[in-house]
Every structure is written in C-alpha cells, then in structure tokens.
Amino acid sequence: MTTRRDLLKGAAAGVAAGLLGPSLLTKTALAQGTVEPAADGVWKITGSHWGAIRARVDRGKVAEVVPFEDDQNPTDMYKGIHGLIYNPSRIKYPMARVDWLKNRKNSDRTQRGDNRFVRITWDQALDLFYEELERVQTEYGPWALYAGHTGWRQTGQFHSCTNHMNRAVSMHGNYVKKVADYSTGAGQTMLPYTLGSTEVYSQGTSWPLILDNAKVIVFWANDPKKNLQVGWTCETHGSMKYLDELRDKVAAGEIRVISVDPVKTKTANHVGAEHLYLNPQTDVPFMLGIAHTLYNEGLYDKDFIGTYTLGFDDFIQYVQGKADDGIEKTPEWAANICGVDADTIRAFARLMAANRTQLVYGWALQRQQHGEQPYWMAAVLASMLGQIGLPGGGISYSHHYSGVGVPTSGAAMPGAFPLNLDLGMYPEHDSENFNGASRVIPVARWVDCLLNPGEQINHNGNKVTFPDIKMCVFTGCNPFHHHQDHNRMREAFRKLETVVTVDYSWNATCRHSDLVLPACTQFERNDIDGYGAYSNSGVLAMHQLVDPLFQSKTDFEIFTELTHRFGRNKEYTRDMDEGQWLRFLYGECKKANEGKFDMPEFDQFWEEGIVRFPEGKPWVRHADFRKDPELNALGTPSGFIEITSRRIEGYGYDDCGPYPKWFEKAERSHGGPGSDKHPLWLQSCHPDQRLHSQMCESDEYRETYAVQGREPIYMSPEDAAARGIADGDVVRVFNDRGQLLAGARVSDNYPQGVVRIHEGAWYGPVDASIGALDTYGDPNTLTMDVGTSQLAQATSANTCLVEMEKFEGPLPPVTSFGGPTEV
Ligand SMILES: Nc1nc2c(c(=O)[nH]1)N[C@H]1C(S)=C(S)[C@@H](COP(=O)(O)OP(=O)(O)OC[C@H]3O[C@@H](n4cnc5c(=O)[nH]c(N)nc54)[C@H](O)[C@@H]3O)O[C@H]1N2
Ligand SMILES: Nc1nc2c(c(=O)[nH]1)N[C@H]1C(S)=C(S)[C@@H](COP(=O)(O)OP(=O)(O)OC[C@H]3O[C@@H](n4cnc5c(=O)[nH]c(N)nc54)[C@H](O)[C@@H]3O)O[C@H]1N2
Ligand SMILES: [Mo]
C-alpha cells in the first residue's frame, strides 16, 4: 500500500495542477450561453428536476430565476432554486469527524451524529478516502464495502454523480451493491409475475386518448397534480395541460373522476373529483369487495378472463370463502375493514363495469407492509373489468411520474457518463470472495444488513445472506432522510468504521458521516440533459450559471482525483474534460437520431440552448397484447396475466401468494393493530414544495411553508380539537420508535385519524443519543423499518401509527440547518 501511495504522493501536486487545467479549459471551450444581453448581467439557460429555467447572472451571482418559456405550467418550486444555491447549509470545505480523524477505525462511534467536525484540505480528504478504500479492501475484502446506494442526484447526464461514484469506486475494487429502489420496490418486484413487466416505469396510454375515450377515471392513491411537478430528467410539465382539460371535462359532465384516497388530494381539488374515502392501508379488502360484486352480479368480463388470464378460478375460491381463510369477501366484510359502506362498494363496482374506466394507481400504496398485494389485486380488478389494452381503459401504474402519458417523440436522448463497471478493478481488490455473503442486497434492507451480518433472509425466490459491512460511500442520496426509523439507523451506523459522503448540502447524512466532501450543485457546472423523461421532447443545454461555491468541486473532479490516487484517472476520464465529454455525448445522440431527427452541430446547440423534437403519436399501453396475446405474449412465465402465480406459490412464503390476499398490518389505524395506543396513521407522502430533502435547506423557500420554523404536520380539525391543538401550534409527535416536533396545519382535506408529514424534512436531533427529539420534523424519525414481505423486501414507510400532543415546554432551536460545528 505504501509503495503505491508514495508513488502517487509524488504525483499529487501534479494532480491538483492538472485538474485546474480542464476547469479553465472548459470555460473557454464552451460558449457561455448568453441568450439575451441585459444591462445588469446575462441570462443563461439550464434544466433541473423542477423544469428548465433561465437565470440572470450578475457579477458572478444568480440574481433572478424564471421558468423557461416553453414550459406552459411551471412549478412554483423554481422559486426554491436560488436558495438551494445560496444557503447556510452549503458544505464549504472537506470535513472530517473529530474523533474519527484521531482514531479512525477505532473511533468512538457513539459520538457519530454530534455534528462536531474538523476542516481538512482537499488533498488530506482524498488521501483519507483512498486510504480507507484500500484498508477496507485489504483487511476485509469486497463484502465490507457498500457503495451502490443511489438517489435523486441532480439532473445532467454527464455529471450523474451516481455513475461517477460507482465507476470510480469499482475501478478500485469490488463491493456490495443494491437491487431495486425506495420508490417502487414492491411494485417492480411483484408486477413482472402478474403483468410481465415492472409497469411502474413504463410509458402509459397517451393522455389525449384517455381524455377522448374514458368515461370514468379513477385516481387510486395517486396525486399527479402534486407529483408531476418534478421529473427524473429535466421536466417539461407537459402533462399539466391534460389535467386542466380533464378539469374542464369533469365540469362539463363528460368524465367522472373518482379519487380513492384517505386524503382529499391536490389533484382531486384541481379537477373537481369525487372523493371516495377509505381507511388507510385497506385497499385490498375494498378491492376484494368489488371483485365479489363483479363476480356475483356477473358483471366481470368472462371472455377477457378466459382469453388473457390464468388462475382466476383459484382466486375466486378465495373471494367466495371456499379456500384459504374460509371468509367470504362480501362488500359487508370489506366495509368493516375499509370503512366504505357495502352499498357504495357495490355501486362503485357497477360504475366501473358499466363504463370505459381508466384505473390510475400511485406508488404510496405499495410503500406499505404487504405492498405487493394492492398492486397484484389492482391487476386482477382490471382483468375482471376486461378493458386492458383499450384507449381510456385498463390500468396504469405510472401516470403520476415524470410526464408519463405525454406522447413520446421517438427521438434518442443523450446518454450518461458511462458506468462501465467492467473496466476492471485494481488487481489486488478484484476478489469475488464475499465471505459467504451476498454481493447484492435489496436496498430497503440495508440497515437490517448493518445490524445483522450473517443473517439469511428470503427475497424474491432467493436467499440473501447479509455481508458484514464496515464502510459506506454515499453520493447523490440522503439515506438519513430516505430510510425508515432513524433511531434504529443511528444504532446501525455505530457499527460502521467509516462513512464517506459527497454532497453539496450539510444534511443529516453528512452529520452521521466521518468524511464529507463538498460537491458543487448542478448550477455550478456545464451539462446536457434530455428534456422530458418519457416524452423525449428535446435535448437541453445546461449552462453553468456560477463558479463552484467555496471549495466545492464537481463530482467528476472529485472522483478523477480519487482515481488518480490509484493511477487510473486517465481511464476514468478517457482523457477527456467536461467540454469534450459534452461534445461526445451530444455527438452520440446526434448519430443515433441521424435520418430521423435533425440536430444541429454542437456549437449551435450550445448557443441556442435546446433542440426540440416534434410530439409523438398517441399510443395505448397493452394494446398489442390485447390484439394478439400469443404473438405479443407478456413477460410472465405463461405469457398471460397471472392472477394466480405458481412461481410465487413455489416460494412458499406465508406473506405473499399464490394470488392477491388481505394480510393485516403490524400497525393500522381505525381500529387496526396498535391503534389503541397510537391512534393516528402517519402518511409520509412526497412533498408538494420540495423534491424529497432537496430545497429544504433553502431558508427563504422553507419560510414559505414552515410553521414556527418546523415542518408542517397536516391534520383534521377533529383530531386537532380533540387534543387542544390550533393551527400554527408546535406539536410533539411520537410513537415507541421516536419523537419529533412539527408545526400544526389544520385542514379539511384530512379525515379523522390521518396525519401527514412530507418525507424529506431535514432530520434535526437535539444530540447524538438514540431516541433524541427531532427538532424539525423528519417523518422517518417515526416510521417502521420492516420489509413489505419476503417477496420484495421493500420499504413499508406508510405502515406507521403515531400520537401527538401540543408542545408546551420551551422550544428547542432547530438543529437541522447551518452545517457542522467546526472544532
Ligand atoms: N417515509 C418515507 N420515506 C421515503 C419515501 C416516502 O414516501 N416516505 N419515499 C422514498 C422514495 S420514493 C425515494 S425516491 C427516496 C428519496 O431519497 P433520496 O434520493 O436520497 O432523496 P434526496 O433528498 O433527493 O437526496 C438526494 C441527495 O443528493 C444530493 N445531491 C443531489 N445532486 C447531487 C450531485 O450532483 N452530486 C452530489 N454529490 N450530491 C448530490 C442532494 O443534496 C441530496 O442530499 O426517499 C424514500 N423515503
Ligand atoms: N412534488 C414532488 N413530486 C414528486 C416527488 C417529490 O419529492 N415531490 N418525488 C417523486 C418520486 S421519487 C416518487 S417515488 C413519486 C412518488 O409518488 P407516490 O408514491 O404516488 O406519491 P405520494 O405523494 O407518496 O402518495 C400519493 C397518494 O397516495 C395516497 N395514499 C397513501 N397511502 C394510501 C393507502 O393506503 N390507500 C390509498 N388509497 N391511498 C393512499 C396519499 O394519500 C397520496 O395522496 O413522486 C415523484 N414526484
Ligand atoms: Mo421515489
């Protein structure tokens, strides 16, 4: 180790100088995108998850941000961009945790989370990062390093920090990776067995065809008006005009929209939907009651079931109470659990059967214990209605995501900085010896893995044995927001010898790390992106607005300097700088579109800021399967829709299969388990005014929604009154897993027994202890960390009960923001 290190030490000075080169070159190589000269600065174009923007840059600072003129329905969140760049939580310098810097792998890990850090130089920081990779690989092997975690890294194909980290770390050595994600873990694992694809990330039937053909649209656990504000690549907000058209059609009595949701959603309010309230987490009994009605009243489509599906008979035995638990799933039985009266269940079943009905499911429904079941059951309902593959009928699991439903242009989009995990590892560390443990773990179980090395669990027909992880590397994700049960997480983090985090904001993951490296934001680098993640509406230039703040660097620079420490930076960068990479990625995209879509030369594109592609042709999901189920067989084992899955049955799980079933939850409100002690269901939905935890750091934007500086908790007037809570009060919310402070917002949109805190609120514990009060209000201080089932092992974030009380004591200051305590 010393030999190579010493060798590289000599080169280290050269590295720093060498890296100045590309940055400076970049600036001259790329035109700076002046769009419209102004007296007080220049306007530049760039993109983001929140949409494309133009920004006025004056004397090296972003002075003004306005939505891109192509965007007809910009989200208000663009107003948070200024504060995302300029805020007191920006990471200014490389930092190391005090005791870790002294004692490294023998550090006192009970101090982790106390937020005391020491400022170090970039050279020290990257040496430490490299030394730790080297040490962990040498002392333990690939099973001790976990580096595959991902998240909502900012947009831009070249600077995808996830790709940078994975490519760089994998060039050094082997490590434990993850499978699936927090968004759709249960759905994406379940649906291939039933419908032959994950469905959740598939393009859906085009909105124009839905609006022309559907008579009934059911938004089921789905709030597109809220969730379509952001996209995975630069969002066009092209779906929003269709939601406006839908509103007009509802007003004209042409389409009925029904929102099946415990909460009256933003979408329901926007389009004027009828609200069908049901008790949280009880969709499966409700659906079983509908299936019972469709079957007993002969309303289901026998031809469709016969031609396109397998295993209906077994399932119907269960509905009839002739198999399994022996309970007949009558609407009366269902009503008892789901809180919808039996006549309404029957009426709803008849309405859907009598009309062209488009079912549109959101994802929160599968982010709960047994989350596989409502998704499976939804496919069965759609099969019984027999409209799968018809325009304005059938089922969608994706219309609330990244502009799904806006017709696809068909143009190729620019590719990303390549992962190339096959580049070959450093020969000393390419070991495939995982010490008997699995090399891939289901992502939502990684804290289980930290706590229980060696334990074996079932997962999707396989056995997973947890490796004994000693070191984690995070970039472009914020696990101390996104994972459930922070107190349990704190315990798990005490087992880690080393945690390295690369981010631009000092979030709770930085607070719990040992080494923190400051990346710059996307607004401080040049990039290129697809405009519209599914519509492929264009290619967007992302002009650097300002220089990287403080000592921050691009992820590209950070990982180039890391790979230089083991002599592989030239392979890592392919000897190209930012400007060359952007030309290369654009060139490849232009080649792929040759003969189909005209694209100008790079310089013209960069000057103009965008290449636009014509809107594509409307399209119907599953239409080909409907047309010819043999020729266009689904990807299920049989090629048909599998209502009963023999494969899942073969796994022998007691919590999933062989057909969709009702399983009681570990915690459920409205009379369910645990509700006597903690009567309120906490839903931690995706924020209306943030992307997860991103923008929470913007002091100016947070001010627009925070309550006495705390994250809002939304509640019904009844629940507030019963506890003497008034709108604007600070409340303490708690259960046996944790406690937090939040600011009460009382609203008629919430029924009794339901409260909401948006995910992504920054965790702000009072100290490093386990059980510490969270001063700002991160719902994952309270959520439960159990797998959905042995099939998907996905997150169960929405299975969570709490109680709350008005907070009377002296208010502790919010600790979430403002960076580390420098020692
Ligand atoms: N209770 C509850 N928990 C949930 C959910 C829920 O519904 N309820 N939802 C889950 C879901 S679906 C998801 S997708 C996850 C989201 O979880 P994450 O994707 O982890 O959430 P983000 O807040 O987007 O975190 C992104 C982090 O990356 C950093 N970052 C962004 N761009 C860059 C970059 O270019 N370089 C570097 N180095 N860093 C960057 C940001 O500053 C931020 O800290 O949360 C999950 N957690
Ligand atoms: N503004 C904004 N948009 C986003 C994101 C963001 O952070 N901010 N994140 C993006 C990402 S990564 C993802 S994964 C998606 C998430 O998309 P989803 O998971 O679909 O969104 P959520 O907002 O969590 O929940 C949607 C609805 O589900 C309802 N719901 C929850 N539990 C139940 C239940 O048991 N039964 C029924 N019937 N309804 C229920 C909630 O009341 C809510 O109205 O959103 C994307 N869009
Ligand atoms: Mo997600």
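**Stop one: ligand 1**

Select ligand 1 first: of the 31 residues around it, W152, H482, D503, S693 and Q694 come nearest, where being around a molecule takes a heavy atom within 4 Å of it. Before you click further, know that this is a predicted model, with local features needing pLDDT of at least 70, side-chain atom pairs counting only at pLDDT 80 or more, and totals for chains, interfaces and linings using all residues. Residues are numbered from 1 along each chain as its sequence is written, chains are lettered from A and ligands numbered from 1 in the order in which they are written, and side-chain values use heavy atoms, with hydrogens and water left out.

Now show the polar contacts (pairs of N or O atoms within 3.5 Å; within protein, one must be able to donate a hydrogen and the other to accept it, and residues adjacent in sequence count only if both atoms are side-chain atoms). H481 places a polar side-chain atom 3.1 Å from an oxygen atom of ligand 1. A side-chain N or O atom of H686 is 3.1 Å from a ligand 1 oxygen atom, and for Y504 the figure is 3.5 Å. On its own, ligand 1 has 920 Å² of accessible area, and the protein covers 98% of that (Shrake-Rupley method, 1.4 Å probe; for residues, only the protein chains shown count as cover).

Colour the shell by class and you'll get 8 nonpolar, 17 polar and 6 charged residues. Here Ala, Val, Leu, Ile, Met, Phe, Trp, Tyr, Cys and Pro are nonpolar, Asp, Glu, Lys and Arg charged, and the others, Gly among them, polar. Highlight α18 (479-482) and β18 (498-503), too: each supplies at least two residues of that shell. Helices (H or I, at least four residues) and strands (E, at least two) are DSSP runs, numbered from the N terminus.

**Stop two: ligand 2**

Jump to ligand 2. Which residues come nearest to it? Of the 33 around ligand 2, they are K226, D261, D283, R367 and P687.

Zoom in on its oxygen atoms. A polar side-chain atom of N227 lies 2.9 Å from one, and Q368 has a polar side-chain atom 3.1 Å from an oxygen atom of ligand 2. With W363, look at the backbone instead: an N or O atom there lies 2.8 Å from a ligand 2 oxygen atom. Taken alone, ligand 2 exposes 930 Å², of which the protein buries 99%.

The shell of ligand 2 holds 15 nonpolar, 12 polar and 6 charged residues. Both α8 (224-227) and β24 (680-683) supply at least two residues to it.

**Stop three: two helix residues**

Select H486 in helix α19 (residues 486-493). Is H486 buried or exposed? H486 counts as buried because its relative accessibility is 0% (buried is under 20% relative accessible area, exposed over 50%, partly exposed in between; 1.4 Å probe, protein chains only). Its side chain reaches the backbone oxygen of F480 at 3.0 Å.

Next, pick I85 in helix α2 (residues 81-85), also at 0% and so buried.

Finish in the loops. Between α26 (646-651) and β24 you'll find P658, joined to G657 by a cis peptide bond with omega of about 5 degrees. N115, in the loop between α3 (98-103) and β5 (116-119), has a positive phi of about 75 degrees although it is not a glycine.
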